[in-house]
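Subject: A structure for you to look at

Hello,

Here is the structure I promised to pass on. Please open it next to these notes and follow along.

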Amino acid sequence: AGFKYTKPIVITAVVLVVVIAAAIVLPKIFSSASSTRITTYQVEEITYGNVSTTISGSGTLTPVTQETVTSTYAGEVSSVNFTVGDEVAEGDVLAVVTSDNRDEEITAPCDGILIEFPVKVGTEVAVGGSVAMIMGKDGFTMGIAVDELNISSVTLEQEVSFTIDAVDGDYTGSVTAISYNGSTSGGTTAYQITATVGYVEGVYPGMSASVEIVVEDSGDGLLVPVDAVGTSGDDNYVYLAPSGAEVGASFDEGEIDLNDLTKVTVETGMSDGSYMMIESDELAEGNLIVITHIT
C-alpha cells in the first residue's frame, strides 16, 4: 500500500517545484525578450520608371532539334570527316562504314553542331548503332512551372526574357506551349509551359538558364519605396524631407518631428513589393521624401 501512494506524492512535489521555477523564471524571460522600439528616418528620392508583375523560373535548356545518327548495317568505320564540336550542314558525310565490301555513308540529317561523335577509324558498329548526335541551330526550349494563380496571364507567343548562366547577355524568346493539365502538390496546382529561345553561340544541351515573363506592366510614372507610403483612413500619403536634407541621409528619433514635415496625399498604383507607383500633382521626380523605419 505504501508504494501506491508514494509515487503520486513524488510527482506532486516535482510539479510544485516546476511551477515555482516557472513563476520565478518566466517573468525574466519575457522581460529580456521585450525589445526596444527604435525609430529612424531615411531620406530617399522619388524616381521615374515602372513596376511589373512577373513570373520567373529556372531550369535546363534542351535543343529544339537533336538528332541521333545511326548505321543501317553492321561494319567497321573506314573513315571519319569531322570531330565533335564541328559545325555540319545537312547532307555532309560524317563517316563511312564498310561491311561486306559495301560502303555506307553516314550523313548529317540537319544543319547543326556535332555534340557526340564516339567513332573513329576501326570502330565496329552494330546494325542501328549510334554513330553521332547533332544539335540543331534552331534554338532551345525550357519547361517552367506556373502557379494556378498566374497561368491565366500566360499566352502563346508571349515574350520571355532568358538569362543563361554560361554566357553573358540577356536573350528574348517566347512562350511556345501551355499545358492546362495541372499537377497538384501540397494543395497548390502548377501548370507546365514551354519557353523557346533562338540559338545562342556557346550554349549546349543541359546548360542552366533563368526566365522571366512580364504579365502586367504599370507603365511609366512616379515611384517611391513601399515603406514611404503611409495610410490614414482611406488616404495614402508621403512626407516630404526637411529643407536641406540630402538623399541617403538618416535621422534618429527626436531629430525629426513628422508634424513639422509636409504631408502630401497620393494616389497609389501597382507595386512589385519593393516600389510603388504614386500619382500627385504636388510631387515630381527628384523630390525628397522621408521613410520611417521601426526596429
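How many helices and strands are there in the protein chain? The chain has one helix and 25 strands. Please keep in mind that this is a predicted model.

Some overall figures to begin with. The protein chain has 295 residues, and buried ones make up 31% of them. If you take the contacts between residues at least 6 apart in sequence, 72% of these join residues at least 24 apart. The chain exposes about 17400 Å², with carbon and sulfur atoms supplying 49% of that area.

Now to the charged side chains. The count of salt bridges comes to one. The partners are E87 and K137, whose closest N and O atoms are 3.0 Å apart. E87 sits in strand β7 (residues 87-88) and K137 in the loop between β12 (130-136) and β13 (140-147), so this pair ties together parts that are 50 residues apart in sequence. K137 is partly exposed, at a relative accessible area of 33%. As a general point, side chains of opposite charge can pair when their charged atoms come close.

Another spot to look at is V127, in the loop between β11 (124-125) and β12. Is V127 buried or exposed? With 60% relative accessibility, V127 counts as exposed. Leaving aside residues up to four places away in sequence, V127 touches S71, T72, Y73 and A74. For V127 and S71, the C-alpha atoms are 6.0 Å apart in space, while the two residues are 56 apart in sequence.

Finally, a word on the backbone. Most residues other than glycine have a negative phi. Which phi does N101 have? N101 is not a glycine, yet its phi is positive, at about 60 degrees. You will find N101 in the loop between β8 (93-99) and β9 (102-107), and at 83% relative accessibility N101 counts as exposed. E157, also not a glycine, has a positive phi of about 70 degrees. E157 is placed in the loop between β13 and β14 (159-164) and counts as exposed, with a relative accessibility of 69%.

Notes
Residues numbered from 1 in each chain as written. Predicted model: local features only at pLDDT ≥ 70, side-chain atom pairs only at ≥ 80, totals over all residues. Heavy atoms only, no water. Salt bridge = Lys/Arg side-chain N within 4 Å of Asp/Glu carboxyl O. Helix = DSSP H or I, 4+ residues; strand = E, 2+ residues; numbered from the N terminus. Buried < 20%, exposed > 50% of the residue type's maximum accessible area, 1.4 Å probe, protein only. Contact = heavy atoms within 4.5 Å. Areas by Shrake-Rupley, 256 points an atom, 1.4 Å probe, with all protein chains shown as cover.
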